[in-house]
Amino acid sequence: MSSTQQIGGLDLTQARASLAPWSAPSPAIGGDEYLQRLERARALLREQGVDAVLITAGTSLRYFSGVAWGASERLIGLLLTASGDPVVICPGFEIGSLTAVLRIPADVRLWEEHEDPQQLVADTLRERGAGSLALDPAAPYVVAERLREVLGGKPLVDASAIIDGCRMCKSPTELALMKQATAMTLQVHRLAAGLMREGITRTELVRFIDDAHRTLGADNGSTFCIVQFGQATAYPHGIPGEQRLAENELVLIDTGCTVQGYHSDITRTYIFGRANAEQTRIWDLEQAAQRAAFEAVRPGVRCEAVDTAARTVVERAGLGPDYRLPGIPHRTGHGCGLSIHETPYLVRGDRTKLQPGMCCSNEPMIVVPDRFGVRLEDHFYVTEEGAAWFTPPSPAIDQPFA
């Protein structure tokens, strides 16, 4: 076991015994907040000079209506115009299921299996006196093309500015849900680190992590789980196949869950045994890059500047530059919320100005090809003063938790 008592020394029975459903669940998104979101979308419609927006199945539909349905070949959508109740376009046979989950007052318009739902959208637009339509960027290509056919020359534009303009800055209720999700995942990480022993397999750890998330009360266990040992840590998203942990190898675990749809996403990299000088040097450099990115965050700073802050630390140490290895092979971070990766992105070229309530990962991973990689990933949210962590970063290569 590590001298910090954080790595190894715990058996599966002990780990499971320490798990229980979350004692203080965060409140769900309330009806008033859904209505505020719709009004914000209407304000952005006016700013963009567009008459209506159509939001199709996926996380944005959940954001605006509470309907957490994935996309399929059947169109379901929320049509929002400048005035009047929102219109939900839905397959007729799904009305019972829709009623059970819809969280907003809406005019529900049904279509039967032989009918064209895109035509129903066009008819509703004409009825409302709406001309131009902004379409959810996540809508399938076939939906976009069919809409172009039935709109009769009316403009069809990208709704990203409207949808992202609503979703990027999280409310206090959203932040609370993300704080719960990240706290749960951090507890799972702590227990997983305690289970480390020579010969343990990645499969054992993946199964435990999923079960632990479920026991704590995550929506559906782990949303994803990457467990890599030794040389396999040099691949940012891992490599397939079974692995067994050996003495003095690095461990990289990247996992998360959702709470009422809101994501966590945390990575820890640490040593099982004793770290050599190169492992320690790269780990310390990764920690410094993550800290530099965090310290660069404040309202009004462009996202790309946060990426630059992390890369500058690594390049001054002789790694890189840019995406060259050894160095940082990918962006410093991504937005997070109802989607695990969403706008904005901490990467060169993203000139979005940070605003209070924006949430991003901070994970400037360093890869030494064919040897090992180190990724430390925690998320922050922007405040009026700068940034605040959802989870405290790792203190040392042999002490993954503060």
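The structure holds 4 aromatic pairs, where rings of Phe, Tyr and Trp (for Trp, its six-membered ring) count as a pair if their centres lie within 6.5 Å, and where planes under 30 degrees apart are called stacked, over 60 edge-to-face and the rest tilted. This is a predicted model, in which local features need pLDDT of at least 70 and side-chain atom pairs count only at pLDDT 80 or more, while totals for chains, interfaces and linings use all residues. Residues are numbered from 1 along each chain as its sequence is written, and side-chain values use heavy atoms, with hydrogens and water left out.

**Aromatic rings**

- The rings of Tyr63 and Phe64 have centres 4.9 Å apart and planes at 85°, so this pair is edge-to-face.
- Tyr63 counts as buried at 5% relative accessibility, and Phe64 counts as buried at 1%, where buried means under 20% relative accessible area, exposed means over 50% and partly exposed lies in between (1.4 Å probe, protein chains only).
- Phe294 and Phe380 form another edge-to-face pair, with 6.5 Å from centre to centre and 80° between the planes.
- Because Phe294 lies in helix α10 (residues 277-295) and Phe380 in strand β17 (residues 378-382), this pair ties together parts that are 86 residues apart in sequence; helices (H or I, at least four residues) and strands (E, at least two) are DSSP runs, numbered from the N terminus.
- Arg37 lies over the face of Tyr63, at 3.9 Å from the ring centre, and a charge is said to sit over a ring if NZ of Lys or CZ of Arg is within 6 Å of the ring centre and within 35 degrees of the ring normal.

**The sheet around strand β1**

- An open sheet of 6 strands, with mixed pairing, has the order β4-β3-β2-β1-β5-β6, and two strands are taken to pair if DSSP finds at least two bridges between them.
- At the edges stand β4 (107-111) and β6 (156-158), each with a single partner strand, so one side of each is left without a neighbour in the sheet.
- Strand β1 (residues 52-56) is largely enclosed by the rest of the structure, because 5 of its 5 residues are buried.
- In a regular strand the side chains alternate between the two faces of the sheet.
- In β1, Ala52, Leu54 and Thr56 point one way while Val53 and Ile55 point the other way, and all of them are buried.
- On one pairing, β1 and strand β5 (residues 133-135) run parallel and are joined by 3 bridges, with Ala134 in β5 as the bridge partner of Val53.
- On another pairing, β1 and strand β2 (residues 77-81) run antiparallel and are joined by 5 bridges, and here Ile55 stands opposite Leu78 in β2.
- Strand β2 is in turn joined by 3 bridges to strand β3 (residues 87-91), with the two running antiparallel, and Leu78 has Val88 as its bridge partner in β3.

**Another pair of strands**

- Strand β11 (residues 266-272) is mostly covered, since 7 of its 7 residues are buried.
- Strand β8 (residues 249-256) pairs with β11 in the antiparallel sense over 7 bridges, and Leu250 stands opposite Ile271 in β11.

**Helices and their contacts**

- Helix α7 (residues 160-167) has Ser160, Ile162, Ile163, Cys166 and Arg167 among its buried residues.
- The buried residues of α7 pack against α2 (31-48), β1, α3 (59-65), β5, β6 and β13 (342-346), where contact means heavy atoms within 4.5 Å.
- Ala310 lies in helix α11 (residues 303-316) and counts as buried at 0% relative accessibility.
- Leaving aside neighbours within four places in sequence, Ala310 is in contact with Ala289, Ala293, Ile328, Thr332 and Pro364.
- Ala310 and Ala296 are 14 residues apart in sequence, and their C-alpha atoms are 8.9 Å apart in space.

**Cysteines**

- A disulfide is a covalent bond between the sulfur atoms of two cysteines.
- A search of the whole structure finds 0 disulfides, with a disulfide defined as a pair of cysteine sulfur atoms within 2.5 Å.
- Cys359 is in no disulfide, and the nearest cysteine sulfur, that of Cys360, is 7.5 Å away.
- Cys359 is buried, with a relative accessible area of 1%, and Cys90 is also buried, with a relative accessible area of 0%.
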